Amino acid sequence: MLESETIDVMLSDIGLPDMNGYDLMREVRSRPAETGGNVPAIAISGYASQSDIEAAIDAGFQRHMSKPVVLDALESAIYRLTQA
């Protein structure tokens with residue numbers, strides 16, 4: 001999808017069925033900017049300890065949001081990322 005579409009922001013759960021969100025983000029960040037490697041990204045997870053937040057940031061996410069996500073907070077985070 002990153003090769004054929006322009007994505008404004010990426011939202012990803014950390015707990016994915018085939019690959020965790022950290023590995024997914026590392027794969028995205030390994031791509032050139034012109035194929036989505038610099039897409040702004042938010043991790044969404046039920047894991048919300050400080051070490052989980054740091055792991056998400058270290059993997060390449062700009063933000064980490066805990067479940068259940070508050071819609072207003074998500075909208076605000078997306079707005080800030082897309083305006084940066």
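This is a predicted model: local features need pLDDT of at least 70, side-chain atom pairs count only at pLDDT 80 or more; totals for chains, interfaces and linings use all residues.
Residue numbers start from 1 along each chain as its sequence is written. Local features need pLDDT of at least 70 and side-chain atom pairs count only at pLDDT 80 or more, while totals for chains, interfaces and linings use all residues; side-chain values use heavy atoms, with hydrogens and water left out.

Thr6 sits in the segment before strand 1 (10-13); helices (H or I, at least four residues) and strands (E, at least two) are DSSP runs, numbered from the N terminus. Thr6 counts as exposed because its relative accessibility is 75%, where exposed means over 50% relative accessible area, buried under 20% and partly exposed in between (1.4 Å probe, protein chains only). Its C-alpha atom is 7.3 Å from that of Gly36, a residue 30 places away along the chain.

Ser12, by contrast, is part of strand 1 and counts as buried, with 5% relative accessibility. Setting aside neighbours within four places in sequence, Ser12 is in contact (heavy atoms within 4.5 Å) with Gly21, Leu24, Ile42, Ala43, Ile44 and Phe61.

Then there is helix 2 (residues 50-59), whose buried residues are Asp52, Ala56 and Ala59. These cover an arc of only 70 degrees around the axis, so they lie on the same side of helix 2; the arc is that of the directions from the helix axis to the C-beta atoms. Their cover includes helix 1 (21-29), strand 2 (41-45) and strand 3 (63-66). Exposed Gln50 and Asp58 are carried on the face turned away from the buried side. After helix 2 comes Gly60, with a positive phi near 120 degrees.
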